[in-house]
Amino acid sequence: MEAKATTTPEVNSLQLVNKEGAFVRKASTFRNWVKADGSSAYPPAAGRYHLYVSYACPWASRCLAFLALKGLDNDVIPVHTVAPKWGVVTREGEPEGRSWVFADKDSKEIGGLDSHDPLYGFHSLRQLYQLDNPEYVGRYTVPVLWDTETKKIVNNESSELVQMFNTEFNAFAKRPEFDLRPAALVERIDALNTWMYETINNGVYKCGFAISQSAYESAFKVLFTTLDETEEKLSHSRYLAGSELTEADIRLFVTIVRFDPVYVGHFKCNNKRIVDYPNLWNWVRDVYQYPGIKETVNMHHIKNHYYGSHPTINPTGVVPVGPDVDFDLPHNRASQTYN
């Protein structure tokens, strides 16, 4: 029987399923670049560009990790976070749609983070998208790099934003020499990124957002086959591309750190947990404990978003208390012998 997809206007990724019931992610819309060489309309500048994120979102968390590792502080790229749970973003007379919203003006911090919009006092991210283009129709996703001078979205594709943060703001970075895409490893890093994107990063979503058994089982098989391959890869080197932390590790980390707390249960990715993979479990603790990274992980936002924002998956909205995953446990990746 053909799976029934939603007819509500697409405002979030939960709605992106095809007639076979499989989740099919759409490409990001805004794809301009900040360039230090003067080749774009967006030159790097301190304080001009603001980054809107959700600490729950793995794609946005890639960006947070790069900012932390490069030493791009809030005076260079101010960061604003949305509330963890989706809220209503549609207007009166429109079919109800939910996506990223900001906290009510009288609300206090959520999970230790201020989730208000300090620039415009907006209720939802939709308002920011439509400040750029009042005719915009589509999903209201994070991350968003916002230009305060032109009041335009520069880019909302995390894979491009992290590369901008790696090189284009070096004049303002505390650690400009720290390179997560060294030239000698770019080919290997890009191959790893491609290998893990559809299978792991997007693979967990293909499991969780599938609305047919066959689509779910197909994604499930690919996901765990690739996790097994990752476990084997990490027996050969401390990090994915060798002895140094790179972009590939950050791309994998943001999924793996959410795996046991969320994806095992909420997305039915329950063949094995990360703690059942010796190398992966050791590796994720290594990356989590890398200076600056743990501050980009907010488990309150992560769990409250997933369990509280997907009513077709978790209708009650009840957020589980466990599991108790201690990413601060010691690891031995630095002293481990690799074959």
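Me: Buried means under 20% relative accessible area, exposed means over 50%, and partly exposed is in between (1.4 Å probe, protein chains only). By that rule, which residues of H8 are buried?

Reply: This is a predicted model, in which local features need pLDDT of at least 70, side-chain atom pairs count only at pLDDT 80 or more, and totals for chains, interfaces and linings use all residues. Residues are numbered from 1 along each chain as its sequence is written, and side-chain values use heavy atoms, with hydrogens and water left out. The buried residues in H8 are Asn279, Leu280, Trp281, Asn282, Trp283, Val284, Arg285, Asp286, Val287 and Tyr288.

Me: What makes H8 largely enclosed by the rest of the structure, and what do its buried residues pack against?

Reply: H8 has 11 residues and 10 of them are buried, so the helix is largely enclosed. Its buried residues pack against H6 and H7, where contact means heavy atoms within 4.5 Å. The names come from DSSP runs: helices (H or I) need at least four residues, strands (E) at least two, and both are numbered from the N terminus.

Me: How do you know that S1 and S2 pair, and in which sense?

Reply: Two strands pair if DSSP finds at least two bridges between them. Strand S1 (residues 49-53) and S2 have three bridges and run in the parallel sense. One of the residues involved is Leu51, whose bridge partner in S2 is Val79. S1 also meets S5, through four bridges and in the antiparallel sense. Here Leu51 has Leu145 as its bridge partner in S5.

Me: What is the strand order of the open sheet, and which strands are called edge strands?

Reply: The order is S2-S1-S5-S6, four strands with mixed pairing. Strand S2 (79-81) and S6 are the edge strands, because each pairs on one side only, by the bridge rule already given. From one strand to the next, the twist averages 35°, with angles taken from 0 to 180 degrees between N-to-C directions of lines fitted to C-alpha atoms, for helices over the stretch in contact. Helix H2 (residues 125-132) lies across S1, S5 and S6 and runs at about 50° to S5.

Me: Why is S1 called largely enclosed, and which of its residues point which way?

Reply: Five of the five residues of S1 are buried, so the strand is largely enclosed by the rest of the structure. Tyr49, Leu51 and Val53 point one way, His50 and Tyr52 the other. In a regular strand the side chains alternate between the two faces of the sheet.

Me: What joins S5 to S6, and which residue of their hairpin takes a positive phi?

Reply: Three bridges join strand S5 (residues 144-147) to strand S6 (residues 152-155), and the two run antiparallel. Asp147 has Lys152 as its bridge partner in S6. The hairpin has four residues between the strands, and Lys151 takes a positive phi near 55°.

Me: Why do Phe209 and Phe267 count as an edge-to-face pair?

Reply: Rings of Phe, Tyr and Trp (its six-membered ring) pair if their centres lie within 6.5 Å; planes under 30 degrees apart are stacked, over 60 edge-to-face, and the rest tilted. The structure holds 29 such aromatic pairs. For Phe209 and Phe267 the centres are 5.4 Å apart and the planes at 75°, an edge-to-face pair. Phe209 lies in the loop between helix H5 (203-208) and helix H6 (213-233) and Phe267 in the loop between helix H7 (247-266) and helix H8 (278-288), so the pair ties together parts 58 residues apart in sequence. Phe209 and Phe267 are both buried. Phe267 also forms an edge-to-face pair with Tyr306, at 5.7 Å centre to centre and 85° between the planes. That pair links distant parts of the chain, as Tyr306 is in helix H9 (residues 299-309), 39 residues from Phe267.

Me: How do you know whether Tyr306 and Val319 are buried or partly exposed?

Reply: Tyr306 has a relative accessible area of 0%, so the residue is buried. Val319 is at 25% relative accessibility and therefore counts as partly exposed. Val319 is in the segment after H9.

Me: What makes Arg25 count as lying over the face of Tyr205?

Reply: A charge sits over a ring if NZ of Lys or CZ of Arg is within 6 Å of the ring centre and within 35 degrees of the ring normal. Arg25 lies over the face of Tyr205, at 4.8 Å from the ring centre. Arg285 lies over the face of Trp281, at 4.7 Å.
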